[in-house]
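I opened the model to look up the make-up of one chain and how it meets its neighbour. My entries follow.

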Amino acid sequence: MLTIAGLAVSYQGLHALAEVSLEVGDGEFVTIVGPNGAGKTTLLKAISGTAPAEAGRVAYRGRDLGALRPSERAALGIAHVPEGRRVFPSLTVMENLELGSYRRAARAGRAQALDEVLGLFPILRERHRQLAGSLSGGEQQMLALGRGLMARPDLLLLDEPSQGLGPRIVEQIFETVDRIRRERRLTILLVEQRVVEALELCDHGYVLETGRVVLAGRREALLADARVQRAYLGA
Amino acid sequence: MASRGRGWLAIVAVVAVGVALTLLVQERYHHRVLTLVFLWAAMGLAWNIISGYAGQISFGHQVFFGIGAYVTVLLVVKAGLTPWIGMGVAVAVAVLAAVLIGMPTFRLAGIYFGLATLAYPLIFRIVMDWLGYQEVAIPMKREQPGWFMQFNEPRSFDLLALGVLAATLVLSRVIETSRLGYRLRAIKENEQAAEAMGVDSFRCKMAAYMLSAAPAAVVGAVYIHAILFIVTPEAVFGLLVISQTLVVCLVGGSGTLWGPLVGAALMVPVSEILDTTVGDRLPGIQGVVYGAALMLIMLGAPEGLYWRVRHAFRARGGGEATRLAIVAPPAEDGAAAVPTETVLLEVRGVSKAFIGLQALSDISFDVREREILGVIGPNGAGKTTLFNVLNGFLVPDRGEVRFLGQAVTGLRPSALCRRGIGRTFQVPRTFQHLTVLENVMVGAFVRVGPVHVAASTARSALAKVGLADRADALPTGLTTLDLRLMELARCLATAPRLVLLDEPLAGLSGDGVAVMISVIRGVRTRGVTVVIIEHTMQALLRLADRLIVLDQGRRLAAGAPGQVTQDPAVIEAYLGKRWLARMAAR
């Protein structure tokens, strides 16, 4: 579904990504882990089009995304839930969700999408008239996720949904992500610092370091890999 | 920033070029253009002090220009006082006006400040009309032309205007390279972070406003004598004055002393040439051409020509390579790593409500010296609100905070920082256009005045967190770990007794967490007390001596980490049963 080949991105002369290649199959759950500055966030931005690629190719359903703007990529069914939540703080919860279904293909199914999202996150129904900025961190993360789902995407890019959240909320978020995947057959690309939880969810995983893929494999293989164990699992 | 010597040399070079042009130019009209270039450059520089450096956009700066003109001319008319002395009086009046205007107006932030400044020139126009000063002409003083600034020789006006420009350049340069300059830039980038680092933003903004009023008044006084000869409210308090000032700064670039100079050197001759060439044949067309030229420049260099050229040079210099290795954290020795019995901070019955939400209810606890106290609880429990009360961003509705035995409830963040309370933020709040070193220097200025001393304090703070090799980088190129380390270094540079760390591990990977833990332990080893909000429980359990748990604004539990994590109420509200199972499995 998504094929990335030789992707390179630089910021002000700093190489954030150097020749990254990876594949995500239809309906697959892929997790990307790695230390700070490895380029994980940049990779998601390059897919959604908010960071310009310097070299390489990003193809979605066989179509080269290179020339497309972020809004055009979103219209193809790619939803990006960015790091740090980025909800629209001075809009209400409901307005945030409605903006999620701005995409033409999603407008028709808005009511149904709304039902589904509010079913996944009942707390958002309770708070639908509240300003998004007044929600707690966990609720904002749910809203960001819900806003992404309102676009009825085929590919969901999740950037560190657990950041800054308490342990119980983190469990809840991961459970919901798992449920979305099982119920909606969504393709998901997840970037995470919580390595164990994130790898346990995935089919395939990649380890990114200083802008390169240093390790890739199926879930069981990665969790059992001695290097992963040593570097990330504290074993 | 260019080295110190080079900056002064450049100013000397500008003055030399100005003198050379004055001597070279022959025609009277060309002298007039030259005088105008110097005066508008100086006026742009005056505006740049408050709006460029401090970021407080003033749309009413012509109020000081007008005060300069009116006060000087009225003193000539009414008292026969020479404008050379009258200008001094005008400067004093303008600075006083800046204080009176600033007092109420600096309570407004951002665009609201700018909009409010629009009102003052309007008020002055009405007052001048009402006083009957619709038209005040400078009386001719043929017997003492020099004493009354009524030169026959146009070169004299060139040199006078150049003198005003040179003085304003020197003033700008002194501000740029001083403690005030760093503080103003910090306020422009992030006023809250600057306050938390001990910058009294109100006083700094006021100082900048007063310093920018003075040259504007001088320019107004000289402009009247060199160009207008008759003062009217429209001519000196009108919109044309501020729009010319803004054009000069926007075209050249603001926040640097070279921007207004470049802008004036380009736009003033363009506008004059248009007036005399096409304007003669098609009246009004000059405004259209001028506007088009302005739009072209804005499209090509939206941040101003100076910055455009500078960035182009920077980019050609090439970037740096990615930093590969994470710097080894400094070694710690266990000697001082034990809490003492002294109570450093007492929190007593603190409550804080927002509209419809009780964020904190009746919170009490002590922090002992050299302790690492962890604050945990679900999102929205009031942890950050608690920090905002402790460092002065918020005033509690009820309750008291005592630091080192003294009541500090309700003090400003900058005052609390000076007393020794430092903090970092959940999302790092950096000064984006300052280098890493300059960011940390802003913290150091709380204790030291001279720039070079602050720089060395900042370097040693950077070394303490292992970030010495990034001193000259800009924050935009930094990883999350480096940003958090930089913020901690900035906080340490204020020489705090107590640091409040708001989720310092958020967004860090496993090895980043290890570095940060080691650095935080190092902070405590040096005798600094730490209060830390964190969700990364494994890390916090390794770090904290004691935990306090908040839930829905209340204190749910407090005690040793082992005991708190077994508390059924804490598991129910925050940790979750699965977390406990995971911990047991390790």
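**Notebook: chain B**

I counted 26 helices and twelve strands in chain B; helices (H or I, at least four residues) and strands (E, at least two) are DSSP runs numbered from the N terminus. This is a predicted model, where local features need pLDDT of at least 70 and side-chain atom pairs count only at pLDDT 80 or more, while totals for chains, interfaces and linings use all residues. Residues are numbered from 1 along each chain as its sequence is written, and chains are lettered from A and ligands numbered from 1 in the order in which they are written.

I looked up the extent of chain B: its C-alpha trace spans about 95 × 55 × 40 Å along the principal axes. Of its 586 residues, 48% count as buried (20 or more other C-beta atoms within 10 Å of the residue's own, C-beta atoms being placed from the backbone).

Next I looked up the side of chain B that touches chain A. I found 30 residues of chain B in contact with 29 of chain A (C-beta atoms, placed from the backbone, within 7 Å). Helices H21 (480-492), H22 (510-525), H25 (568-575) and H26 (577-585) of chain B each give two or more residues to this side. The largest share, three residues, comes from H22(B).

Last, I checked one helix pair. H4 (residues 83-105) and H10 (residues 201-228) of chain B pack at about 145 degrees, with axes 8 Å apart; axes are lines fitted to C-alpha atoms over the stretch in contact, and angles run from 0 to 180 degrees between N-to-C directions. Among the residues of H4(B) that meet H10(B) I noted Met87(B) and Gly102(B).

How values were computed
Two residues are in contact if their C-beta atoms, placed from the backbone, lie within 7 Å. A residue is buried if 20 or more other C-beta atoms lie within 10 Å of its own, exposed if 12 or fewer, and partly exposed in between; C-beta atoms are placed from the backbone.
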